[in-house]
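Dear colleague,

Please find below the structure that I am handing over to you. My notes on what was found in it follow directly after.

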Amino acid sequence: MNGKNKKIACIFFMMQIVFLSSARNRDKTVISNQGFSSLNSIQIKDRVFPRSVEELQLLMQKIEGPIAIAGMQCSMGGQSMVKNGIIIDTKNLAHIVNFDAVGKTITVQTGISWRSIQEYIDPYNLSLKVMQSYCDFSVGGSLSVNVHGRYVGYGPLIETVQSIKIIVADGQLLTASRTQNSDLFKAALGGYGLLGIIVEVTLSLTENCKIENKKIYMNVDSYFEYLSKIILQDTSVVFHNGDLYPPYYNTVMSSTWYKTDKKLTITDRLQNLNGSIRQKIGISLARRAAWFKKMRINYEASNSSEPIVCWRNYEAGYRISQLKLPESFSTTLLQEYFIPLENCIEFVKAMRVILQAHNPNILNISIRHVKANNETLLSWSSKECCAFVIYYEQFKKQNSLKNTIGWTQKLIDAVLILNGTYYLPYQLNARKDQFRAAYPTYKKFEEIKFLYDPKVRFQNYLWQAYF
Ligand SMILES: Cc1cc2nc3c(=O)[nH]c(=O)nc-3n(C[C@H](O)[C@H](O)[C@H](O)COP(=O)(O)OP(=O)(O)OC[C@H]3O[C@@H](n4cnc5c(N)ncnc54)[C@H](O)[C@@H]3O)c2cc1C
């Protein structure tokens, strides 16, 4: 090599070092942001990205200090974060481990997203039985919240889980199911990463099918009877939700998807990454313009007459990017309340009074049905219930955050009077006494946690706030 070439090689080598170290710094950032809401930023010690179960077990021997576990970090109140701790990011644990198309089961590593599973099973015409309305979440984050969707005839995700593998605080890899380490199974599902790192899960699947949408507009007072007497009795229903319109909360748009043999009007098998411009303008107007909210029912009703026939996998897989808009002084958040079916009308009345008094910018309230399920220790659906999912704009100013704490705490008081509960993956606005009333099994949960994690290695904001 001559002198000139040596100089070029040297510059190239230096550039590589700078690039690699900046990539490392980007990966090992000390500030951790929440994936969807971008509200919580904190100082952390390190963020690690294990590539295999064995590497993760070794890491567990080496790392010191509190540990939090991250999937896609779309939970909104620091559930995947711990100050000055280590974040175990699961995104590289994302392989399909086993697939049985005939037996309709799949075993996956839990850093994988629902979307990746959908892409894998769709060619076999199979579907996930239960997931959220959006498909970008990690399976691990979904198991640890025990999520639900708009599926009729199902309860939460745990109903579709056969078994899990989990690395507990001492680094052991354990299998847990309804028959093996069942205390761990019940605590880890819906356990917000406080029992260990779920690294693998076996899920049961169902047939993909063609579905047709029908929308009906009705007064909210008639809606819950219609839901229980008509929709829940019809075995051809796949998805259902009701949208309760702000600012009056009187009218519900009931949207039901029935199995059909009709010709597809949407031939795509899965959703694209970005929503249409029309969809984004709709969200933007709903967010900012009070006059649009009042006209929204008429606008949507006039657009709902066209028949829509698509695949179940298509309707199951909305993308979060379709929802996101550029944000600066505000963001959009969710809160959710679970009310026994027979008390829903009373809840709507109480909610209307609270929301109209505090006047937050509510963009939508989606109502979904969930079957009772008591399998998890921190169960949120011990009775058959309706979930009220409130989607709202949150301004980042202090007084706006304070106002939100006000109306969300009042809603939880109303929920508790009506024997309901609230959801834990969102902003942790509830008071400690409210959490304990809504989740009376928290003590049993603590007992199992201390059994598997006596030194409390796994922590997050939820643990610190309420246990
Ligand atoms: C736009 C939007 C729509 C939503 N819609 C729904 C809905 O329809 N239904 C519903 O039920 N929820 C819904 N949610 C809530 C969402 O399901 C949860 O926040 C879910 O946890 C997000 O998954 P994630 O991968 O981002 O989890 P993360 O936020 O990364 O993690 C959630 C919790 O799980 C823990 N965790 C993550 N991975 C593991 C693991 N491998 N082992 C052990 N613990 C782990 C974390 O520590 C944390 O406590 C919605 C949220 C958003 C932002």
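Strand 12 (residues 210-219) and strand 15 run antiparallel and are joined by three bridges. Two strands are taken to pair if DSSP finds at least two bridges between them. Helices (H or I, at least four residues) and strands (E, at least two) are DSSP runs, numbered from the N terminus.

Please note that this is a predicted model, in which local features need pLDDT of at least 70 and side-chain atom pairs count only at pLDDT 80 or more, while totals for chains, interfaces and linings use all residues. Residues are numbered from 1 along each chain as its sequence is written.

Overall composition

The secondary structure of the protein comprises 14 helices and 19 strands. Of its 467 residues, 41% are buried. A residue counts as buried if 20 or more other C-beta atoms lie within 10 Å of its own, as exposed if 12 or fewer do, and as partly exposed in between, with C-beta atoms placed from the backbone. Among contacts between residues at least 6 apart in sequence, 73% join residues at least 24 apart. A contact here means that the C-beta atoms of two residues, placed from the backbone, lie within 7 Å.

The two sheets

Strand 12 also pairs with strand 14 (residues 251-259), in the antiparallel sense and over nine bridges. In that pair, Met218 stands opposite Val252 of strand 14. These strands belong to an open sheet of eight strands, with antiparallel pairing and the order 15-12-14-13-17-18-16-19. Strand 15 (309-311) and strand 19 (421-422) each have a single partner strand and stand at the edges, so one side of each is left without a neighbour in the sheet.

Strand 4 runs parallel to strand 5 (residues 86-89), and four bridges join the two. Within this pair, Ile67 stands opposite Ile86. Strand 4 is covered on both faces: Ile67 and Ile69 are buried on one side, and Ala68 and Ala70 are buried on the other. In general, side chains in a regular strand alternate between the two faces of the sheet.

The surroundings of the ligand

Which residues come nearest to the ligand? Of the 36 residues around the ligand, they are Gly71, Gly140, Gly141, Ser144 and Gly193; a residue is near a molecule or strand if its C-beta atom, placed from the backbone, lies within 6 Å of it. Strand 4, helix 4 (139-145) and strand 11 (197-207) each supply at least two residues of this shell. Helix 4 gives the most, with five residues.

The nonpolar core

The largest nonpolar core has 114 residues, and those with the most contacts inside it are Ile164, Ile166, Ala188, Leu195, Ile339 and Phe388. Such a core is a set of buried Ala, Val, Leu, Ile, Met, Phe, Trp, Tyr and Cys residues joined through C-beta atoms within 7 Å. Its largest share, seven residues, comes from strand 18 (residues 385-395). Domain 2 (96-208) and domain 3 (212-260 + 288-306 + 324-438) both give residues to this core, so it lies between them; the domain bounds come from an automatic or database domain assignment.

Backbone features

Most residues other than glycine have a negative phi, and most peptide bonds are trans. The peptide bond from Pro246 to Pro247 is cis, with omega near 5°, and Pro247 lies in the loop between strand 13 (237-244) and strand 14. Asn359 is not a glycine, yet has a positive phi of about 55°. This residue lies in the loop between helix 10 (344-358) and strand 17 (361-370). Asn359 is exposed, with 10 other C-beta atoms within 10 Å.

Yours sincerely
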